[in-house]
Amino acid sequence: MSRCVIISIIHYLDACTSEQFKCANGRCITNAYRCNGNNDCRDGSDEVTYACTSEQFKCANGRCITNAYRCNGNNDCRDGSDEVTCELFFFD
Ligand SMILES: [Ca+2]
Ligand SMILES: [Ca+2]
């Protein structure tokens with residue numbers, strides 16, 4: 001899944017216009033499609049809240065998860081991005 005997202009980002013490098021929302025995977029969709037209940041980005045990033053608080057980790061797909069869920073062995077982001085940089089926090 002995470003590999004798929006990375007490939008999508010490479011594939012969709014085009015900048016979005018001011019009337020468009022840029023999905024986490026790089027797709028451009030019309031702003032009106034944000035939060036309309038449909039997964040127009042195909043990664044769900046147009047349907048998640050983007051403003052993460054300081055106590056939250058922002059996943060590669062745009063989801064916000066509680067910081068405590070980082071590196072806990074569970075794929076809370078659903079794209080695995082909360083578990084990919086964990087070796088930095090391991091001391092053994
Ligand atoms: Ca949508
Ligand atoms: Ca996790």
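**Fold, confidence and a few residues worth a look**

Of the 92 residues in this protein, 20% count as buried. The model is a predicted one, and its secondary structure is quickly listed: 1 helix and 4 strands, which run along the sequence in the pattern α-β-β-β-β. As for contacts with a separation of 6 or more, residues 24 or more positions apart account for 14% of them.

Confidence comes next. Mean pLDDT for the protein is 79, with 76% of the residues reaching 70 or more.

The loop between strand E1 (20-22) and E2 holds Ala24. This residue is buried because 23 other C-beta atoms lie within 10 Å, and the cut-off for that label is 20 or more. Leaving out residues up to four places away in sequence, Ala24 touches Cys41, Asp43 and Ser45, along with Ala60, Asn61 and Gly62. Gly44 is 20 residues from Ala24 along the chain, and the C-alpha atoms of the two are separated by 8.6 Å.

Moving on, the loop between strand E2 (28-30) and strand E3 (56-58) contains Asn36. Here the label is exposed, since Asn36 has 12 other C-beta atoms within 10 Å and 12 or fewer is what exposed requires.

The backbone is the curious part: Arg42 is not a glycine, yet it has a positive phi of about 75°. Most residues other than glycine have a negative phi.

Cys71 brings up the backbone again. Although not a glycine, Cys71 has a positive phi of about 55°. This cysteine belongs to the segment after strand E4 (64-66). With 17 other C-beta atoms within 10 Å, Cys71 is partly exposed, because that count falls in between the 12 or fewer of an exposed residue and the 20 or more of a buried one.

Methods
Residues are numbered from 1 along each chain as its sequence is written. Chains are lettered from A and ligands numbered from 1 in the order in which they are written. This is a predicted model: local features need pLDDT of at least 70, side-chain atom pairs count only at pLDDT 80 or more; totals for chains, interfaces and linings use all residues. Helices (H or I, at least four residues) and strands (E, at least two) are DSSP runs, numbered from the N terminus. Two residues are in contact if their C-beta atoms, placed from the backbone, lie within 7 Å. pLDDT is the predictor's confidence in each residue, from 0 to 100.
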